[in-house]
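Please look over the structure below slowly, turning it a few times before reading on.

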Amino acid sequence: MSETGEKGSGVDVRAIRRSLMDVVEAVERLTMARVALHDTSGFLNRVGLLMPGDKALTHHDCAFCQHVRDLSGGRAQCIHSDLEEGLHQARQAGKPVWRRCHAGIWELAVPVLFEEKVVALFFLGQARIRGREETPNLDALRMLGSKDETAMAQYRALPQADGEMMERGALLLQLALQEVLHGCTDSVVRTHLLQSEYSLANQAIQLLHSQIEQGTSVGALAEMLYVSPASLSRAFRREMGVSLRDYMDRMRFGLACRLLREGRQSVGVVGTNAGFRDTSTFLHWFRRRAGCTPLEYRESQGDQNAQRMPGGSRAHIDYVVRAQAYLQENFRGEVRVATLAEHLNITPDHLARVFKQQTGETIRQALLRMRLDAAKEELLQSRVSIGRIAQETGFSTESAFANRFRKRFGMSPGEFRRADMKIREAEEKQL
């Protein structure tokens, strides 16, 4: 969707977004509580009312909630509490409803309705509420490994809010976002909420990136997109050339492998964060996909890195592995070799020599490869503009991106995208 909405609709998305953010900020100032918004239908993201940088708005990001999410199994319990229990309570009430989350925080769950369906969900809270129990659920937090003194310190640091004022703010939030929906023309809303099959695959992929850790299913995605599971599956295969279940499997496998390589979480927690409800299911699934257990995979990574980089000392190999991880995490922004070297506690010249010796490419070449690979995937999997893809994958200008892309792949980004569309059209005709 363009910044001014669907063609002919006259909807100014930028103005609506500014108005929505103004309401959120006003409610937060008025109540001393904080807002977290879950785009349960994907509508707000698709029309540009929510952006990738809105992390503070779309997460419970206070210090107490961050502490709970960092506990072993805490993230999974937060997701279950918000998007299963909280969403169910809001759907049942159809209006702002008080609830206490698994960690003991009181908050208001605020459903946003369109044609009697919940299309978004606000939480107003992350505060201590006067007149309600002012202690966290220490028993539940102990089971996750939290220490009482740490949990209480984080809890006491929360601002204190008035419950009656929060109820007024919750109603204002609900009305504001429902006005956003009704302010759009019927054709715009129905295009994005009640759905045609156009671009269903891209919409499903956007939702998957936010839902994959919750163990979402094809049926759950279809419900969010207001289509039947069969229609979604057919549209996804037609647009992407693979089944939706296979795509979800690949995403989970990639996430699990990354978490295992990072080595900070137990195998059980990795399974939970990759969307599995129990460890035994995760172990069986991972062995079938990788040919080894998760623990064997984790232990093999050091040896595999050494095999890929022969002739170097263990210290040199460690520098390169850490440098590659840093580049992978930061390639979408500005990356300086001097900053990377400082991060690794090594001189820039020494790092450059070791990296080239062990990998066969310079740091700049590795950075460019990562950016171009990410851009290529974006061109294949989304309809985002080429200029925006260039910006989001770390290129200074669209022309610089186009030149680098043509040199690597032999065609411009636009030609690459059009060629892919022709291939998909030809495959669709054969179905």
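This is a predicted model: local features need pLDDT of at least 70, side-chain atom pairs count only at pLDDT 80 or more; totals for chains, interfaces and linings use all residues.

The chain has 431 residues, of which 46% count as buried, and the protein contains 23 helices and six strands. Among the contacts with a separation of 6 or more, 65% are accounted for by residues 24 or more positions apart.

From this overall view we can turn to one residue, S146, which lies in the loop between helix 6 (138-143) and helix 7 (148-156). S146 counts as buried because its relative accessible area is 8%, and buried means under 20%. Leaving aside neighbours within four places in sequence, S146 is in contact with H67, L71, L141 and A151. With H67 there is also a polar contact, made between the side chain of S146 and the side chain of H67 at 2.9 Å.

Elsewhere, the reader can look for the second largest pocket, which holds about 420 Å³ of space. Its lining is made up of 16 residues, and R364, L367, L368, F395 and R404 are those that lie nearest its centre. Two elements, helix 20 (363-381) and helix 22 (398-409), each give two or more residues to this lining, and helix 20 provides the largest share, with seven residues. Sorted by class, the lining of the second largest pocket has seven charged, six nonpolar and three polar residues.

Technical notes: Residues are numbered from 1 along each chain as its sequence is written. Side-chain values use heavy atoms; hydrogens and water are left out. Helices (H or I, at least four residues) and strands (E, at least two) are DSSP runs, numbered from the N terminus. Buried means under 20% relative accessible area, exposed over 50%, partly exposed in between (1.4 Å probe, protein chains only). Contact means heavy atoms within 4.5 Å. A polar contact is a pair of N or O atoms within 3.5 Å; within protein, one must be able to donate a hydrogen and the other to accept it, and residues adjacent in sequence count only if both atoms are side-chain atoms. On a 1 Å grid over the protein atoms alone, a cavity is a set of points where a 1.4 Å probe fits but cannot get out, and a pocket is an open set with protein on both sides within 12 Å along at least five of seven lines; lining residues have an atom within 4 Å of a point. Grid points are joined across faces, edges and corners, and a volume is the space filled by probe spheres set on the points. Ala, Val, Leu, Ile, Met, Phe, Trp, Tyr, Cys and Pro count as nonpolar, Asp, Glu, Lys and Arg as charged, and the others, Gly among them, as polar.
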